[in-house]
Amino acid sequence: RAYYEKLQGTQYAEISEFAQAEIAGILGEYEAAAASYLSLAEKHPKMQEDLLFQVGSLEAKFNKLGAVETFRKVKDMEGKRSEEAAFNLMVLLFQNEEYEEVISSYERIAPSVPEEYQPTFNFIVGKSFFSSGHYQ
């Protein structure tokens, strides 16, 4: 890590930023990693979707409400990570006990949930209905 930190202001500064963000995540420094990826997302619009997805994944470890907003942004970008972001959004809403929001949005999201996530998705929706007192 120290070697990458020495590269600021050099021709390798940009690649160093990516490496430092990844290292922070690997070391469990989730807040620092998320902040680094967010900064990179602002600098690299063509990579913004993937970088914001990474931010959301890291935020889920320390700020679930922040992760909800980040995954909502990725979903709204309607790019290649949109479906996975929508599923992650539902998981986080469920974990935050936002059952009414799960119920109000599951029909919109259901068609885009990847097949391998369907059992978990169905559990989240069913448990949300149950937890909200909707038994029918």
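Me: Is helix 7 roughly parallel or oblique to helix 8?
Reply: In this predicted model, helix 7 and helix 8 pack at an angle of about 140°, with their axes 9 Å apart. Roughly antiparallel would need an angle over 145 degrees, and roughly perpendicular one of 65 to 115. The two helices are therefore oblique.

Me: Which residues of helix 8 make the contact with helix 7?
Reply: The crossing of the two helices is left-handed. Helix 7 contributes Tyr-99, Val-102, Ile-103, Tyr-106 and Ile-109 to the contact. On the side of helix 8, the residues are Phe-121, Ile-124, Val-125, Ser-128, Phe-129 and Ser-131.

Me: Which residues of helix 6 meet helix 8?
Reply: Helix 6 and helix 8 pack at an angle of about 35°, with their axes 10 Å apart, and their crossing is left-handed. Helix 8 brings Thr-120, Phe-121, Phe-123, Ile-124, Val-125, Lys-127 and Ser-128. Those of helix 6 are Phe-87, Met-90, Val-91 and Phe-94.

Me: Are the rings of Phe-87 and Tyr-117 stacked or edge-to-face?
Reply: The whole structure holds six aromatic pairs. In the pair Phe-87 and Tyr-117, the ring centres are 4.4 Å apart and the planes meet at 10°. Planes under 30 degrees apart count as stacked, so this pair is stacked.

Me: How many residues apart in sequence are the parts that Phe-87 and Tyr-117 tie together?
Reply: Phe-87 belongs to helix 6 (residues 82-95). Tyr-117 sits in the loop between helix 7 (99-109) and helix 8 (118-131). The parts joined are apart in sequence by 30 residues.

Me: Is Tyr-117 buried or partly exposed?
Reply: Phe-87 has 7% relative accessibility and counts as buried. Buried means under 20%, and Tyr-117 is at 26%. Tyr-117 is therefore partly exposed.

Me: Are the rings of Phe-130 and Tyr-135 stacked or edge-to-face?
Reply: Both Phe-130 and Tyr-135 are exposed. Their ring centres lie 5.6 Å apart, with the planes at 65°. Planes over 60 degrees apart count as edge-to-face, so the pair is edge-to-face.

Me: Which residues do ring pairs link into a cluster?
Reply: Two of the residues already met take part: Phe-94, which meets helix 8, and Tyr-99, which is buried in helix 7. Phe-123 in helix 8 meets helix 6. The cluster is Phe-94, Tyr-99 and Phe-123.

Me: At what distance from the ring centre of Phe-53 does Arg-81 lie?
Reply: Lys-61 lies over the face of Tyr-30, 5.3 Å from the ring centre. Arg-81 lies over the face of Phe-53. For Arg-81 the distance is 3.8 Å.

Me: What share of the residues in the chain is buried?
Reply: The chain has eight helices and zero strands, and its C-alpha atoms fill a box of roughly 65 × 25 × 20 Å along the principal axes. Of the 136 residues, the buried share is 38%.

Note on methods:
Residues are numbered from 1 along each chain as its sequence is written. This is a predicted model: local features need pLDDT of at least 70, side-chain atom pairs count only at pLDDT 80 or more; totals for chains, interfaces and linings use all residues. Side-chain values use heavy atoms; hydrogens and water are left out. Rings of Phe, Tyr and Trp (its six-membered ring) pair if their centres lie within 6.5 Å; planes under 30 degrees apart count as stacked, over 60 as edge-to-face and the rest as tilted. Helices (H or I, at least four residues) and strands (E, at least two) are DSSP runs, numbered from the N terminus. Buried means under 20% relative accessible area, exposed over 50%, partly exposed in between (1.4 Å probe, protein chains only). A charge sits over a ring if NZ of Lys or CZ of Arg is within 6 Å of the ring centre and within 35 degrees of the ring normal. Axes are lines fitted to C-alpha atoms, for helices over the stretch in contact, and angles run from 0 to 180 degrees between N-to-C directions. Angles under 35 degrees count as roughly parallel, over 145 as roughly antiparallel, 65 to 115 as roughly perpendicular and the rest as oblique. A crossing is left-handed if the near helix is turned anticlockwise from the far one by less than a right angle, and right-handed if clockwise. Contact means heavy atoms within 4.5 Å.
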